[in-house]
Amino acid sequence: MEKNTNYLVGVFGDQDILVKAVKALRKKGVKIYEVFTPYPVHFLEDALGYKRSWMPRAAFGFGALGTTCAILLQSWIMGFEWPMIIGGKGFIAIPDFVPITFELTVLFSAFGMAGSFFVSQDLKPHKVPQIFDRRQSDDKHIMAIDLAKNSLSEDELKALLQEVGAEEVNNKSFTEREKKASFFDYVSDLFTKGVTDSARELKG
Amino acid sequence: MQIVSKVREPLVTGGKTYKDITEDVCRPVEANPSKGWFGGMALSLFLLLAGGYYLGDMLWNGIGRWGLNKTVQWAWDITNFVWWVGIGHAGTLISAVLLLFRQKWRTSINRAAEAMTIFAVICAAIWPVVHMGRPWIGGIWALPLPNTYGSLWVNFNSPLLWDVFAISTYFSVSLVFWFIGLVPDFATIRDRAIKPIPRLIYGALSMGFNGSAKTWMHYEAVSLILAGLSTPLVLSVHTIVSMDFATSVIPGWHTTIFPPYFVAGAIFSGFAMVLTLMLVTRKLYKLEDYITMEHIEMMSLVVTITGSVVGIAYITEFVIAWYSGVEYEQYAFVNRMTGQYWWAYWSMMACNVISPQVFYVKKLRTNIPFIFFISIVVNIGMWFERFVIIVTSLHRDYLPSSWLYFNPTITDVMCYVFTFGLFFTLFLAFAKYFPVVNMAEVKSVLKDSDSKVYKSRRTISNEVVPEADRVPVDL
């Protein structure tokens, strides 16, 4: 199997050093592939230059859809489809529709936004994540730099990473099989070869 | 740089590092269950099966198995429903309202509290379903579907239907909120797995989450908005539950104070249940450094405050009944205090209004066995509150010839026991297979800089931090 050594992985132990490092590297024109952290690090997205999340807009859009659906459903059923006199109220008694309209707004908004999050971030039960270093979900911040996308040489980048405070600098490559990220391959590898990397010490 | 506060205790004590957090929370998930866990599970399953037998018997033979009579047509069923829903509210309060208020002490208890919410709402939802007598039809009647005998629909003017929407929205939104919070922690367990099956199962549960900065950015936005949505949602749910009573014209129910009073009561009983569960979990899972004495004190104080709000509501209700000049209303309240159910009323008063006042004394709100005892007293009191509102308002109706005293039957008791069995079975399963503390959130409040572990937390915002130590935001 052919190995492609194309990522440089910097391991950071502290969030503030990480944020400063990201800023310093980007100033020097280094293109960072992505940073992986065990918990949300504030200001990291600003340092990486990401645009603000569009999730609030998704929430608003789905919420507005929920409000519309709730009002239309209730008004149509109570006012047009089968009008009934209940307690002498008008057929379309708006104050009575408020609670359900509110609930459906929240329901649509929450599910729509959560769905947008999972779909847009490509999170699904059968996803095979590309993991640079398993410690990324434990106690280390992992910075991946794609060597092919940067004009600086590997040695220069390594020196730069160490200069900005990386505790370790490693190489990481994904095999062609890993890159394809087929769930079937992932499961069969897991059961034939066993777990090959873990944040904990492997026995034997 | 961290600002060390002189007035507050640290959030996480014991000089824990990030690695320690992972180890401490993952250990129970990765290790074999203890004997105590098996014992607890066996007891819960016994309660579930024993109660389930009586519940099945009730479903087969009808709700005549309960002690309902001519006037008391709602008793333990709806009491249990309101009680369980109320308990659920604390979880959302901790995870949503305290998130909006940036109360960082919530991070170590929110996971378990949200789990409690979900299990309590499941237990609650059982009651309106089974009390319909024929739930296999009733479940369909409650949905907005045209029925087969013409286009007759559900009644959107009825608070009972609002309740269907409120409870199902509350349950499903809480579940989404809880799951989204769990995803990063499942990823931690996945990355620590050393065997294929846990790697596969926790991998699927973590949805392939890899902690990239971009995903975290969207994740943070989603959590914050879900918190913003859940806050009015949790208030609306118990408001609508109270409207089940308040919109009817039964003396003792027909009062406008019900919504705020029910919401306060819900938070009150919910925090008491969080205390009951967390004091045990903390001890068994050795989480004393995460759920510290400060957490327990904070929760005890919330119990005292909400208990006092509830106490004021009881008195207000009574005064307004007198002030209204409506003799039926006045009779309903005097009858509560001095009628056949005086014992229930005064148990409620003693448990809910008087008992939580003890937490004004620092010695008592830091005494764990005592807090545990009070948390149970409060839960008993809140059950009596719902019983008093429901049964005493019904048992004296307009026709004295039909006045009867409600006596629960064994089926009433055992159906209630069933929900306890269900609740504890679910909670124990959660405590074994899920991370009981939100690792990612606890890590985010622990500042570990330059390998020196600071034992205090940051309590002052970034603006006050000296220029040189500030985290750069601009680019």
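A residue is called buried if 20 or more other C-beta atoms lie within 10 Å of its own, exposed if 12 or fewer, and partly exposed in between, with C-beta atoms placed from the backbone. The structure described here is a predicted model, in which local features need pLDDT of at least 70 and side-chain atom pairs count only at pLDDT 80 or more, while totals for chains, interfaces and linings use all residues. Residues are numbered from 1 along each chain as its sequence is written, and chains are lettered from A and ligands numbered from 1 in the order in which they are written.

**Positive phi angles**

Most residues other than glycine have a negative phi.

| Residue | Phi | Other C-beta atoms within 10 Å |
|---|---|---|
| Phe43(A) | near 75° | 20 |
| Lys286(B) | about 55° | 11 |

Phe43(A) belongs to the loop between β2 (34-36) and α2 (44-48) of chain A; helices (H or I, at least four residues) and strands (E, at least two) are DSSP runs, numbered from the N terminus. Because 20 other C-beta atoms lie within 10 Å, Phe43(A) is buried. Lys286(B) is placed in the loop between α9 (258-284) and α10 (293-324) of chain B. With 11 other C-beta atoms within 10 Å, Lys286(B) is exposed.

**Chain A**

Seven helices and four strands are assigned to chain A, and their order along the sequence is β-α-β-α-α-α-β-α-β-α-α. The radius of gyration of chain A is 25 Å, well over the 17 Å that the globule rule gives for 204 residues, so chain A is more spread out than a compact globule. This radius is taken over C-alpha atoms, and the rule is 2.2 Å times the number of residues to the power 0.38. Along the principal axes, the C-alpha atoms of chain A fill a box of roughly 80 × 45 × 30 Å. Of the 204 residues in chain A, 35% are buried. Two residues are in contact if their C-beta atoms, placed from the backbone, lie within 7 Å. Among contacts in chain A between residues at least 6 apart in sequence, 80% join residues at least 24 apart.

**The interface**

The contact between the chains takes 74 residues from chain A and 63 residues from chain B. On the side of chain B that touches chain A, the elements that each supply at least two residues include α1 (18-30), α6 (159-192) and β1 (448-449). The most is given by α8(B), with 16 residues. By class, this side of chain B has 35 nonpolar residues (Ala, Val, Leu, Ile, Met, Phe, Trp, Tyr, Cys and Pro), 10 charged residues (Asp, Glu, Lys and Arg) and 18 polar residues (the others, Gly among them).
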